[in-house]
Amino acid sequence: MSRKIVRIAVPVLVLLFLYVPILILALYSFTDATQIGAIRSFTLKNYVTLFSTEELRSMIVGTILLALGAALLATILGTLGAIGSFYSRKRTSSAIATVNQIPVINADVVTGFSLCILLVVVFGVSKDSYIPLVVGHVTLCAPFVYLSVIPKLKQMDSSLYEAAMDLGATPAQALFRVVIPQILGGMVSGFSLAVTLSLDDYFIATYTKPATFDTISTYVVNATRGSQTDIKTALWALSTLIFVLVIVIVGVMNFNSGRAQKKEAEKA
Amino acid sequence: MENNQNIIELKHISRTFEDGFRAVSDFNLEVKRGEFVTFLGPSGCGKTTTLRMIAGFDMPTEGEILLNGQDISKLPPNKRPINTVFQRYALFPHMNIFENIAFGLKLKKMPREEIKKKVKKVLELVDLEGFEKRSVSTLSGGQQQRVAIARALVNEPEILLLDEPLGALDLKMRKEMQIELKAMHDELGITFIYVTHDQEEALTMSDKIVVMSEGKIQQIGTPEDIYNEPQNAFVADFIGESNIFNGIMTGTMQARFAGGHFQCVDDVPEGTQITAVVRPEDIELTAPEQGQIRGKVISVIFKGIHYEITVQSGRYEVVIQSTKSAEVGSVVGMKVEPDGIHIMIAENNTNVFPVDMNRNHRLEFNGTELDTSLTQLIKGSRRNEEHELLDENGEVIDPEKIHIIASIEPQDIRMTDDVDDEQVLIEGTISNLIYKGDHYSYVINTDLGQDFIVDDEYLWNMDDRVGLILPLDKMRFQVKK
């Protein structure tokens, strides 16, 4: 009996530990409280502020555009790298795999700071341009795209590319009509991973962003230090929205993969 | 176009990989238009590499490939009028059957209506009418194989390459597909080049068989030629079951082997060392006194259409296929008609290899000093006080300038699995073995790259790692001028 209690209690405690803070934030985002404490009344004021303040709106749109752009570039580069490495000789390909691991393991602070030095100090790229920021986020994301594409290539029947060539396709046609469709799943999950990483990033952005631009992360850090309470509470609303969005995306993805697995099972 | 013209010619084709492995060496072949040619050999013999070079997936390091008289060896695969049926089909999983087959035609920008017509026709040819909309994963192995064949044939290639296309099918399906493929070949008149390790498949389907081993052609011929007149022991052993014996010619069309005297039909000079091949079905069991040789039955296995009977005759084992059974332990006679014996002139199997003279003026092989007298080997030589070797003019011999060759017979080499044994001169891997009646003949790929031939009465496994012991008293040395 006591065993059964433990078996249920432990996961419940872990889940509470993970989700209670977010739920508290979500709850407070619907109140007029200026700090976590006594709740006087419920209101949607924070959501109105979030969408009516020009500064907040442009910051959110900018962050999303940055994430999508950087993820797109990272997906192209990461996929090219994976294909190149897959068709290289063994030694070359394991060298590429090792080099690819470094940005994954390396601390973001180091990546951000060193990129800043390289681009701004060494190459003299203007600190006001978006180039260092985009380069920084692509550097952050591309290795993860590589890591999610490589397994798909390994699963693929290696004679497919040759079969396409054999039927008259040029190498480029074989790549786009046969190889890419086979690894598309890996590219899509690499892309979504890249979007999340870019949205999440704080360190690289602080070192590489132009002074006039803020991502959600850098903005939140600055705003929590500031004194504008209505902006601070609007950020609770933003956090809640992001959380809901993530839950919806994860739910849809799980539903889809469940259906795909069922389909596979039916075929077999 | 003339029917007997060569559609494809391979001239002195060699392929050496980056790691130095020579997969194919000096491959020469002419294929006539409309022929069904099979490359046959054990795995790793270079047959697939040769096929890949014809398809264009691999480039020969030497030699040229002529298609209708024009060199295509540097042409990419998409520029060659040749299509391939892959071992594991290589169908595109994201396309349905129609799209798979139409892939090549769409690239040629053929009008849609014409593509539809052609796909329909080729699906009829492979017996898959109405399968256009099906997806690849809903098809069985045999059906996928047919789609793969259809996808290649729809492009109307001049040559169709098939890389072990039936390897993944079950026995019954394989037999059916063999017949169908052969029928398709006869109907379409396209040249087929087929790769397999299954000798029965090769014998059933081909007009011409190319038997390969270790990157080299062993024999080219019709199935009958290859079966009845194998050119060497490898071919005889690989194609069908055979009894292979070492022997000697004792007179005109007379040979002695396996402890008996036999009449034969091959005219080889008296005294020649020979290898005799006798097919198990060509040996007749008789009463003990009527046979050319006699022996004791040691095993009888029922194989459905015949019995496989093994007879111990002296130190030789003889395998016989007969529709009549025999009793284990009984003494029987064995008779072979002259045309049941195939005589091949024995290959000279003496192992010849270079040995070095080291700085101490001693013979050395693979890092081990050989304790043998150099003064006896090199005429008029003697040693001075520093133990240096002087030639007949009294001058010190330069180790770099003298070349010494050692030779040893296969039966004098011993094999051991204890490669750390002090007596082991060189290590290697067993790459081939042939049973010769009373012993096995092994080919050992040594780490120096040289192959040694070793006779041993015990059975070792392919790819076993062995150490070779070369007794010094059995080695002969010779100075090479």
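Predicted model: local features only at pLDDT ≥ 70, side-chain atom pairs only at ≥ 80, totals over all residues.
## Basis

Local features need pLDDT of at least 70 and side-chain atom pairs pLDDT 80 or more, while totals for chains, interfaces and linings use all residues. Residues are numbered from 1 along each chain as its sequence is written, chains are lettered from A and ligands numbered from 1 in written order, and side-chain values use heavy atoms, without hydrogens and water.

## Overall build of chain B

Chain B contains nine helices and 32 strands, assigned as DSSP runs (H or I of at least four residues for helices, E of at least two for strands). Its C-alpha atoms fill a box of roughly 95 × 65 × 45 Å along the principal axes.

Of the contacts in chain B with a separation of 6 or more, 63% join residues 24 or more positions apart; contact means heavy atoms within 4.5 Å.

## Surface and charge

Of the 481 residues in chain B, 50% are buried (under 20% relative accessible area, 1.4 Å probe, protein chains only). The accessible surface of chain B is about 23,400 Å², with 47% belonging to carbon and sulfur atoms (Shrake-Rupley method, 1.4 Å probe).

Chain B carries 51 positive and 79 negative side chains, counting Lys and Arg against Asp and Glu. The centres of the two sets are 8 Å apart, with charges placed at NZ of Lys, CZ of Arg, CG of Asp or CD of Glu.
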